[in-house]
Amino acid sequence: MKRHTRCRSCGRRRKLPRHPDEYLTQPRCQCGARSWRVDSYRHRVELKQIRKGLGRYARCYCSGHALVLGYPHRRGSAWCCYQGSGEPKTLEQYAAEQKRFEDERIG
Ligand SMILES: [Zn+2]
Ligand SMILES: [Zn+2]
């Protein structure tokens, strides 16, 4: 069974084909370590949310503000009109994102 794991050394995420304990020699991480732990939070909580499109993984089809989001995106992401909780974003949040957009365009 595939396992979502994290490197014990640097915290990098990786999907392994088997449970880390089943390896005689675990695959090497980009940081050089060979020590992976199962990311149980990802299995227990996040994968269910991803499959059902809940929580942070809720899909949103709004048209966005400042920049037109013409594609489904994660609710609460930049330019989305909503917060992750489903509440509309506040004017302060709009302004902060607008400012970031202008900073990025100039910088
Ligand atoms: Zn690592
Ligand atoms: Zn949206």
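# Questions on a predicted chain

Mentor: Leaving aside residues up to four places away in sequence, Ser35 touches Cys7, Arg8, Ser9 and Gln26, where two residues are in contact if their C-beta atoms, placed from the backbone, lie within 7 Å. This is a predicted model, in which local features need pLDDT of at least 70 and side-chain atom pairs count only at pLDDT 80 or more, whereas totals for chains, interfaces and linings use all residues. Residues are numbered from 1 along each chain as its sequence is written, while chains are lettered from A and ligands numbered from 1 in the order in which they are written.

Trainee: Why is Ser35 called partly exposed?

Mentor: A residue is buried if 20 or more other C-beta atoms lie within 10 Å of its own, exposed if 12 or fewer, and partly exposed in between, with the C-beta atoms placed from the backbone. Ser35 has 13 other C-beta atoms within 10 Å, and therefore counts as partly exposed. The residue sits in the loop between E2 and E3, and its C-alpha atom is separated by 38 Å from that of Gly86, which is 51 residues apart from Ser35 along the chain.

Trainee: What makes Leu24 exposed, and where does Leu24 lie?

Mentor: Leu24 has 4 C-beta neighbours inside 10 Å, so this residue counts as exposed. Leu24 too is in the loop between E2 and E3; between Leu24 and Arg6, 18 residues apart in sequence, the C-alpha to C-alpha distance is 17 Å.

Trainee: How do you know that E1 and E2 pair?

Mentor: Strands (E, at least two residues) and helices (H or I, at least four) are DSSP runs numbered from the N terminus, and two strands pair if DSSP finds at least two bridges between them. Strand E1 (residues 3-7) and strand E2 (residues 13-16) have 4 bridges in the antiparallel sense. Arg13 in E2 is the bridge partner of Arg6, and Arg14 in E2 stands opposite Thr5. The two strands, E1 and E2, form a hairpin with 5 residues between them, and Gly11 in the turn has a positive phi of about 85 degrees.

Trainee: What makes E2 and E3 the edge strands?

Mentor: E1 also pairs with E3 in the antiparallel sense, over 3 bridges, and Thr5 stands opposite Val38 in E3. The 3 strands form an open antiparallel sheet in the order E2-E1-E3. In that sheet, E2 and strand E3 (36-38) each pair on one side only, and they are the edge strands. From one strand to the next the twist averages 40 degrees.

Trainee: What is said of the phi of Trp79?

Mentor: Most residues other than glycine have a negative phi. Trp79, in the loop between strand E5 (73-74) and H2, has a positive phi near 80 degrees. With 19 C-beta neighbours inside 10 Å, Trp79 counts as partly exposed.

Trainee: Why is the chain called more spread out than a compact globule?

Mentor: The chain has 2 helices and 5 strands, in the order β-β-β-α-β-β-α from the N terminus on. Its radius of gyration is 19 Å, well over the 13 Å that the globule rule gives for 107 residues, so the chain is more spread out than a compact globule. The radius is taken over C-alpha atoms, and the rule is 2.2 Å times the number of residues to the power 0.38. The C-alpha atoms fill a box of roughly 55 × 35 × 20 Å along the principal axes, and 7% of the 107 residues count as buried. The domain assignment, whose bounds come from an automatic or database source, gives domain 1 (3-52) and domain 2 (59-106), with C-alpha centres 31 Å apart.

Technical notes. Axes fitted to C-alpha atoms, helices over the stretch in contact; angles between N-to-C directions.
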